[in-house]
Amino acid sequence: MFLIFGVTSGAHDLGMRKCRFFPCCSLSGAMAAVTCTFQQFTLFFIPLFRFGKRYFVTCPNCGTVYEIAKDEGKRLERDPLAEINPDKMYMMQGTYRKTCPNCKFPVDPGSRYCPNCGASLM
């Protein structure tokens with residue numbers, strides 16, 4: 001008997017979700033794309049089951065990529081209207097820079113007010 005099997009990678013777009021806060025650039029209430037990556041076992045080129053799921057979101061302002069905790073990712077997968085909890089995001093790649101949400105001027109991470117426009121950063 002002849003069997004063809006293997007493991008392949010895949011990704012699934014979960015759509016745009018609202019996030020209360022992106023710590024990388026102080027962006028609040030923005031919509032961002034959520035993606036699920038996975039591995040799948042195939043038999044005769046037919047996918048049988050998926051494993052190793054990971055969830056990611058990208059900051060729409062500066063491009064920093066965050067991994068989302070598995071339980072939060074599953075919640076987002078089940079509920080298409082769910083908002084991303086920023087406490088369950090972990091920075092993967094990108095520059096960690098804080099910018100003013102009003103004028104996008106780079107500011108120090110400990111600043112309370114923007115030195116460029118005077119807007120509150122809290």
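Reader: How many residues does the largest nonpolar core have?

Author: The model is predicted. Among the members of the largest nonpolar core, those with the most contacts inside it are Phe-22, Val-34, Val-57, Ile-84 and Met-89. The total for this core is 20 residues.

Reader: Which strand gives the most to this core?

Author: At least two residues of the core come from each of strand E1 (5-22), strand E2 (27-43), strand E3 (46-58) and strand E4 (65-68). The strand that gives the most, with six residues, is E2.

Reader: With which residues is Val-57 in contact, leaving aside its neighbours within four places in sequence?

Author: The contacts of Val-57 include Ala-32, Ala-33, Thr-64, Val-65, Tyr-66 and Ile-68. Val-57 is also one of the residues with the most contacts inside the largest core.

Reader: Is Glu-72 buried or exposed?

Author: Glu-72 is placed in helix H1 (residues 70-78). Buried means under 20% relative accessible area. Because its relative accessibility is 5%, Glu-72 counts as buried.

Reader: With which side chain does the side chain of Glu-72 make a polar contact?

Author: Leaving aside neighbours within four places in sequence, Glu-72 is in contact with Glu-83, Ile-84, Asn-85 and Lys-88. The polar contact of its side chain, at 2.6 Å, is with the side chain of Arg-75.

Reader: Against which strands do the buried residues of H1 pack?

Author: In H1, the residues Glu-72, Gly-73 and Leu-76 are buried. They lie on the same side of H1 because they cover an arc of only 100 degrees around the axis. The buried residues of H1 pack against E1, E2, E3 and E4.

Note on methods: Residues numbered from 1 in each chain as written. Predicted model: local features only at pLDDT ≥ 70, side-chain atom pairs only at ≥ 80, totals over all residues. Heavy atoms only, no water. Core = buried A, V, L, I, M, F, W, Y, C linked by side-chain atoms within 4.5 Å. Buried < 20%, exposed > 50% of the residue type's maximum accessible area, 1.4 Å probe, protein only. Helix = DSSP H or I, 4+ residues; strand = E, 2+ residues; numbered from the N terminus. Contact = heavy atoms within 4.5 Å. Polar contact = N/O pair within 3.5 Å; in protein donor to acceptor, adjacent residues only side chain to side chain. Arc of directions from axis to C-beta.
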